Amino acid sequence: MLLFYLNYTRNVCINPSSFTPFPQTTSLQDPHVENCNKASTLHLAVFYGALYTLAIGTGGTKPNISTTGADQFDDFDPKEKNHKLSFFNWWMFSIFFGTLFANTVLVYIQDNVGWALGYGLPTLGLLISILIFLAGTPFYRHQLPSASPFTRMAKVPVAALRKWRVTLPSDPKELDEFNLEEYAKKGNFRIDSTPTLRFLNKAAVKTGSTSPWMLCSVTQVEETKQRLRMIPILAATFIPSTMIAQVNTLFVKQGTTLDRSLGSFKIPRASLAGFVTLSMLVSVVLYDRFFVRIMQRVTKNPRGITLLQRMGIGMVFHVFIMVVASLTERYRLHLAKQHGVVESGGQVPITILVLLPQFVLMGTADAFLEVAKIEFFYDQAPENMKSLGTSFAMTTLGMGNFISSFLLSTVSHITKKHGHKGWILNNLNASHLDYYYAFFAVLNVFNVIFFLFMTKMYVYKAEISDSIKVLTEELRETTYKASNEGDSIKGRITSEL
């Protein structure tokens, strides 16, 4: 809304080094910075204020929206549990459907009509979404608020360290724990003690002190273990998130050097990410409607494949994406040299659709990795820390952008040493993005190896109900009946022949 106000009140061009000048001044099609009115201090304050407000708002809403949606399903109802297995697929579908609108329709409006209308339409959409949210609030299932999860988690290692000399009892039942009735009153779930990360179990050893920083319940200890077990998986998602950051940076930058014309229509530069979105939308539908059902028959798993397996497939896709991107860039540089546009940085006479494979593969990878990532951190988080779990998935995207900026500046600096031109220059025709993408491919290979090593040691959180077991048995019975029906049909055909 702040950006809408800024562009509505006055046509200004804010030109920080990291932003492209806004194409609207005396003429809506005039891209020249010298024709822009200089931004005042107020305009800059509103502009940066809007960006930071957007970042804060997104950080607060995204983890909670997905969590609130998933919480509407009852884990103790097998039918609702089954529907919940598809929730994150369709939640991600709706998110990317909105992204597709932003990357196509809104970008076209901003480039050809004006930024005021381009920001005004999302503002109107947000107002409508708030009204829909408020209308549905009375019907939502609400999780009761609890104490700070960070404080609750911090108490366990502190208590364990303070009792590091204490001997663990052989029987876990001797550890401190509340009665089931106590958990039932608060709407929480009791978790039994596990042998992993045994040192933390000392936090639940009874020594006479009842201080919360000296004595923790078994459930509290196990919740902390769950969070700690997720950290290596979280670290393994940073590199794939770095690859995602290339879509709106280097991938788009590549597109600006190519022919963007499709007949009389010219593809807007910012719309290139729409190919990723469209690919992701198609892939999610195919995954949920076909891939899961096929794999259910093979693995007898209600999810088709496990969440970590799904994430792993997405990470393998990232290796192929960077290999394809490197080969495509190598071909583009060859044509640039062939047509003599290396030094001038002119347009390479080849259609922008040559970049389509790397964009489509990125969307397919997102259908596996990004959806599974959100569902994994939600599913494996303790029951009273679901929002904190999904915030992990959002954190990886932020870390990916930071790592991307760090690698870009570092590689650019290193490759310019000793009189070399460098891999990454403002003139892409004189750069070597093919080497940079190859470096990313190798980086992804090492990340896949690290991920596989971490998944072998990972222990899934125990289900809080037997609904998943019920679903598994139903799946086996369905497969068994289908198999028997097929055999009987074959038998009848054979007898008739």
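## Salt bridges

In this predicted model, the structure holds 9 salt bridges. One of them joins Glu222 to Lys225, with the closest N and O atoms 3.1 Å apart. Because these two residues are 3 residues apart in helix H7 (residues 218-236), about one helical turn separates Glu222 from Lys225, and both Glu222 and Lys225 are buried.

Helix H11 (residues 307-338) also holds a pair 3 residues apart, about one turn of the helix, namely Arg332 and Glu329. The side chains of Arg332 and Glu329 meet in a salt bridge at 2.7 Å, N to O, and both residues are buried.

## A link between two loops

Glu343 and Lys421 form a salt bridge through their side chains, at 3.6 Å from N to O. Glu343 is in the loop between H11 and strand E4 (348-351), while Lys421 is in the loop between helix H13 (386-415) and helix H14 (433-457), so this pair ties together parts that are 78 residues apart in sequence. Both Glu343 and Lys421 are exposed.

## Cavities

The count of cavities of 30 Å³ or more comes to 2, and the largest cavity contains about 60 Å³ of space.

Helix H3 (78-112) and helix H12 (356-379) each contribute at least two residues to the lining of the largest cavity, and H3 gives the most, with 4 residues.

## Annotated spans and a nonpolar patch

The UniProt record, an unreviewed entry, lists several spans under "transmembrane region", among them residues 115-136 and 435-454. In the model, residues 115-136 are 100% helix and 0% strand, with the end C-alpha atoms 32 Å apart. Residues 435-454 are likewise 100% helix and 0% strand, and the end C-alpha atoms of that span lie 29 Å apart.

A nonpolar surface patch of about 690 Å² is made by Leu124, Leu127, Ile128, Ile130, Ile132, Phe133 and Leu134. Of these residues, Phe133 lies in helix H4 (residues 115-136), and Phe133 counts as partly exposed because its relative accessibility is 48%.

Note on methods:
Residues are numbered from 1 along each chain as its sequence is written. This is a predicted model: local features need pLDDT of at least 70, side-chain atom pairs count only at pLDDT 80 or more; totals for chains, interfaces and linings use all residues. Side-chain values use heavy atoms; hydrogens and water are left out. Patches are made of residues with over 30% relative accessible area and no salt bridge: like charges are joined within 9 Å, nonpolar side chains (Val, Leu, Ile, Met, Phe, Trp, Tyr) within 5 Å. Accessible areas come from the Shrake-Rupley method with a 1.4 Å probe; for residues, only the protein chains shown count as cover. A salt bridge is a side-chain nitrogen of Lys or Arg within 4 Å of a carboxyl oxygen of Asp or Glu. Buried means under 20% relative accessible area, exposed over 50%, partly exposed in between (1.4 Å probe, protein chains only). UniProt positions are given in the numbering used here, feature names are shortened, and annotations may be inferred rather than shown by experiment. On a 1 Å grid over the protein atoms alone, a cavity is a set of points where a 1.4 Å probe fits but cannot get out, and a pocket is an open set with protein on both sides within 12 Å along at least five of seven lines; lining residues have an atom within 4 Å of a point. Grid points are joined across faces, edges and corners, and a volume is the space filled by probe spheres set on the points.
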